2 protein chains.
Amino acid sequence: MAERKAFHVAVVGATGAVGQQMLKTLEDRNFPISKLTVLSSARSAGKAVLFNGQEHIVQEATPDSFEGVDIALFSAGGNVSKELAPEAVKRGAIVVDNTSAFRMDENTPLVVPEVNEGDLHLHNGIIANPNCSTIQMVVALQPIFEKYGLNKVIVSTYQAVSGSGTQAVEELYEQTKAIINEESYEPKILPVKSDKKHYQIAFNAIPQIDKFEANGYTFEEMKMINETKKIMHLPELKVAATCVRLPVATGHSESVYFEVEQDGATVADIKALLKDAPGVVLQDDPDNQIYPMPADCVGKNDVFVGRIRQDLDEVKGFHMWVVSDNLLKGAAWNSVQIAESLIKIGLVK
Amino acid sequence: MAERKAFHVAVVGATGAVGQQMLKTLEDRNFPISKLTVLSSARSAGKAVLFNGQEHIVQEATPDSFEGVDIALFSAGGNVSKELAPEAVKRGAIVVDNTSAFRMDENTPLVVPEVNEGDLHLHNGIIANPNCSTIQMVVALQPIFEKYGLNKVIVSTYQAVSGSGTQAVEELYEQTKAIINEESYEPKILPVKSDKKHYQIAFNAIPQIDKFEANGYTFEEMKMINETKKIMHLPELKVAATCVRLPVATGHSESVYFEVEQDGATVADIKALLKDAPGVVLQDDPDNQIYPMPADCVGKNDVFVGRIRQDLDEVKGFHMWVVSDNLLKGAAWNSVQIAESLIKIGLVK
């Protein structure tokens, strides 16, 4: 039996919401690790994290932290990635970056393995992990596109606060408690920590994720639009997005309208395609009230799809409801999955 | 100065979530009431409700309850309306019915005063009040339709639990408390009390409002589709809806995509139209993070619109975010507003 090669893996941002899930996912997948290096910004350095029951002290990430690292999983914010991912590459590491720093860089592949694993071959040291809300949508759209083509996508999202980090989750729970106890609570984190104003998220819905661009769309909406086209290799695809934050801790939901290119698609066909599609679990049985919900998806790697139905006016138009754990398929699992693909293809040795 | 005529008003379903708001709205509007009769199903009869500081004992609604009544506001469920609205009409009352019982009946006008007040002239004793999620959308669409025409609407809703009644609101709060205290809580009401399964609503999103029809759409979605066409007198309008319940007590939000018919519409035009539109408050200033949110709309009669932006692919396509208090403009206020219109037009004397 061939000995399985093991790798020196670094996790950058190990104390964050996604970093924690990355460690857990590496454990769950029994990822072939010879050495684990856990890194963070200066602020979190010195904290301890657990991996396979063993305590690891988080060190401040510096260029030299990446000496000897084979695979570096970054999730410590765009600025950390911009500064340190090239340093890691210089030292021979392959980087899987979960920030927006390199996603739209034309020399960086943006990869969802179920959709465009082959793009990994084009890497120059860095592979970008897409935005959470984009990933789950393209996993559901790709099998439909492959059979019927795709002209147009209009998505409205229902996004969980953990997409904004652990502080946002704490804010949701603390604020909820305060409201229930009729106490006051000053919002400080959501919708965007670094933006001017902060709003109540408990028992509310905030139609802002990330800051606004000059065109009236948020960066989150533009990410969904641009990343979908790049991942699916469909620069002409019409994509529109409205992104909304909900009082849900984990699990993004999406109401997706799409128009296929070819005639003849039926709901039964699309259900059959998605039933067998990689990474997808079909949950679609209205008679028995079976449909995906964020509360059910937490801790699972799959993308759950239901409520598939034909538009009543457009014969090529369909609606579906797509739910996934934004910290797993939306972030940590997709990153680890990319690392597994790199090993499988032989791009990291 | 002419003496203002006053009317004998009956409120049917006076103890419910909407009935309570009807009484409050009649008070707030200083509605010309000579006599108030508060009615309910047998289950709630005997309870006391307050009106202008005075206690009124709720009586079980029977055909004879409507003797001498001028205006009857019904909100006690479809079956009560089906049985008793015709009895009220027989006894000379004009009925404003807030249930779905008569909405799609071709002899019953379905009215949102900002949109089709003139349809009141066609009444045969009963005027139907549309579904909450429909009302706020058509108030925002009508001024756009009048200037630019309208081809297509695709809406995804973010609906509050009070649309399912006071028990649903209690369930949201009790369940939230239980989850925060790590106690168990058995869902009993949502998504649909009379349906087979009940699901957690706290920290979740449920893509089911009302039961499912055979075509895979829920009744709520079909209401939005059919009622929009009827109210706007646009039987050929393309309308699609996905309706989702959120852990929000009061205030429905909607992500609305629409395509106008004529060339030349701009975001600035649409903002200008909505700024002056009846019943609409424009809240649209992304630079200052101004947009509507359910937490801000509670207790207000207006429909709040923001996040207006042009689609990036369809020159005639636009997106907007529409929020309103589902118990007020979505129900009680629209019903009282219809009653005010009936008096103004001279249809009730």
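In this predicted model, A:Gly346 follows helix H9 of chain A and has a positive phi, near 90 degrees. Helix H9 itself comprises residues 328-345, and its end C-alpha atoms are only 22 Å apart, whereas a straight helix of 18 residues would span 26 Å at 1.5 Å a residue. H9(A) has a kink of about 40 degrees, centred on A:Asn334. The helix is largely enclosed by the rest of the structure, because 14 of its 18 residues are buried.

**Annotated binding-site residues**

An unreviewed UniProt entry gives the feature "binding site" for A:Thr15, A:Gly16, A:Ala17, A:Val18, A:Arg43, A:Ser44, A:Ser162, A:Gly163 and A:Asn326. These residues span 312 residues in sequence and the farthest two C-alpha atoms are 24.6 Å apart, so they do not all gather at one spot. The unreviewed entry also places a "binding site" feature at A:Arg103.

| Residue | Relative accessibility | Class |
|---|---|---|
| A:Thr15 | 23% | partly exposed |
| A:Ala17 | 15% | buried |
| A:Arg103 | 5% | buried |

A:Thr15 sits in the loop that runs between strand S1 (7-12) and helix H1 (17-28) of chain A. Beyond residues up to four places away in sequence, A:Thr15 touches A:Gln20, A:Ser44, A:Lys47, A:Val49 and A:Val58.

A:Ala17 belongs to helix H1 of chain A. With residues up to four places away in sequence not counted, A:Ala17 touches A:Ser162, A:Gly165, A:Thr166 and A:Leu327.

A:Arg103 is located in the loop between strand S7 (94-97) and helix H3 (113-116) of chain A. Apart from neighbours within four places in sequence, A:Arg103 is in contact with A:Asn98, A:Thr108, A:Leu110, A:Ala128, A:Asn129, A:Pro130, A:Asn131, A:Lys223, A:Glu227 and A:Lys230. For A:Asn98, the backbone oxygen lies 3.3 Å from a polar atom of the A:Arg103 side chain.

**Relation between the chains**

Chain B is superposed on chain A by a rotation of 180 degrees with 0.0 Å of shift along the axis, at an RMSD of 0.0 Å. The two copies are therefore related as by a two-fold rotation axis. Both copies use the same surface, since 100% of the contact residues of chain B recur in chain A.

Note on methods: Residues numbered from 1 in each chain as written. Chains lettered and ligands numbered in written order. Predicted model: local features only at pLDDT ≥ 70, side-chain atom pairs only at ≥ 80, totals over all residues. Heavy atoms only, no water. Least-squares fit on C-alpha atoms with pLDDT ≥ 70 in both. Contact = heavy atoms within 4.5 Å. UniProt positions renumbered as here; feature names shortened; annotations may be inferred. Helix = DSSP H or I, 4+ residues; strand = E, 2+ residues; numbered from the N terminus. Buried < 20%, exposed > 50% of the residue type's maximum accessible area, 1.4 Å probe, protein only. Polar contact = N/O pair within 3.5 Å; in protein donor to acceptor, adjacent residues only side chain to side chain. Expected span 1.5 Å × (residues − 1). Bend = angle between axes of the 7 residues up to and from the residue.
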